[in-house]
Amino acid sequence: MNIKDLSIEELDVLIREKGLPKYRTDQLLYWLYKKPVESFDDMTNLPKSLREEFDKNFTLWSIKEIETLISQDKTEKKIFLTKDNDVIESVIIPDKERLTLCISTQIGCRMGCKFCLTGYQGFKRNLSPSEILDQILWAKMQGYPITNIVIMGMGEPLDNYHNVKKALKILFHEKGISFSHRRVTLSTVGIIPEIEDLLKSFPQIVLSLSLNAPDSVKRAKIMPVEKIHPFKSVMNIMRKYQKRRKLFTVEYVMLKDFNDSLEDAVKLIETIRSHKLRCKINLIPFNPWPGSPFERPEEKKILEFQNLLIKNNFSVFIRKSRGSDILAACGQLRWKRLNP
Ligand code: SAH
Ligand code: SF4
């Protein structure tokens, strides 16, 4: 078992059961989350016998870095090997004063969105809490001053909610990584009832809904999840929680000749208004992959779409494509490794 799969409370029980004083829990947490080290042996203020005992009973790192790719635009992609010899990816994206880390929550994904290479690859398994945390802790140990975290890598976080929640609790806990809620964005297709629990449990976390279509009929054509968790119900839940929150984000992947016309933009405006959802909109130009059934719209079309939304008083951003020379988009590297 990996020691970071235990919650902070569970770790404390473990230490107490050994008849050790509470400050030993704090020392252990310091080495796990504040100043991560490579081995139990590096936890120098713990008694040698305790370090050896931990080393016998637990693993400290659940993933191992095998490669870092650095793109021309300074985006870095970390490739990690899991204990079962699969690979997961996280991406570090520098942008002005920010250094954003994008992390994965599953190997593959079972949501099957038609435009997504991770979805196309199918589902293998959930990541454990320690595998989720280790992507962050590895960057921390290597000295990257991460300012923001986006849960937007491989997988649907709310489809692995039990483990994601456990990891988030440690991420935010003052004795854990102590990261600010407001600097974490979770991107989801919207799964009920998990989305409500998330909004209740972490009122300050930034939530991004992957809408990707102006209406339910079109969404169902590219996102099978629409038939099980229709975005209308998801938005109704979100609206209940919007009073004391930062604005929600709506993500909209732009697919050529599918959802990129001005009529689509008008419909999208109507949809968001009819749900009284206060949100900003991120337009994501489609990132093509070999064999993908869609293309990226021309720049001009994307700008026209954006302008119409702006005229209607929405804040709209076009997400830059980062690190395309190192296949930084979601799932591309794992695909390449499995299909050389
Ligand atoms: N499963 C979650 C988070 C991971 S996907 C979700 O779907 O929200 C993160 C974002 O990448 C989603 O908004 C998704 O719509 C988008 N995306 C997936 N494949 C893409 C592609 N090929 N080009 C552009 N955006 C893509
Ligand atoms: Fe899964 Fe998100 Fe890709 Fe859809 S877009 S298949 S939910 S990772």
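Author: Start with the shell around ligand 2. Its residues divide into 5 nonpolar, 3 polar and 1 charged. They are Cys109, Met111, Gly112, Cys113, Cys116, Gly119, Gly155, Glu156 and Val189. Glu156 is the charged one, since Asp, Glu, Lys and Arg count as charged. Keep in mind that this is a predicted model.

E4 covers residues 98-102. Is E4 mostly covered or open? Of its 5 residues, 4 are buried, so to speak under cover, where buried means under 20% relative accessible area. For the protein chain, 55% of the 340 residues count as buried.

E4 has two pairings to follow. One is with strand E3, residues 87-95. E3 and E4 run antiparallel and share 5 bridges. Asp95 stands opposite Arg98 in E4. The hairpin of E3 and E4 has 2 residues between the strands. Lys96 sits in that hairpin and takes a positive phi near 45°.

The other pairing is with strand E7, residues 148-151. Here the sense is parallel, over 3 bridges. Leu101 stands opposite Ile149 in E7.

Step back to the protein chain. Its secondary structure comes to 12 helices and 12 strands. The radius of gyration is 21 Å, close to the 20 Å that the globule rule gives for 340 residues, so the chain is as compact as a globular protein of that length. Its C-alpha atoms fill a box of roughly 70 × 45 × 35 Å along the principal axes. Among contacts between residues at least 6 apart in sequence, 68% join residues at least 24 apart.

Conventions: Residues are numbered from 1 along each chain as its sequence is written. Chains are lettered from A and ligands numbered from 1 in the order in which they are written. This is a predicted model: local features need pLDDT of at least 70, side-chain atom pairs count only at pLDDT 80 or more; totals for chains, interfaces and linings use all residues. Side-chain values use heavy atoms; hydrogens and water are left out. A residue is near a molecule or strand if one of its heavy atoms lies within 4 Å of it. The radius of gyration is taken over C-alpha atoms; the globule rule is 2.2 Å times the number of residues to the power 0.38. Buried means under 20% relative accessible area, exposed over 50%, partly exposed in between (1.4 Å probe, protein chains only). Contact means heavy atoms within 4.5 Å. Two strands pair if DSSP finds at least two bridges between them.
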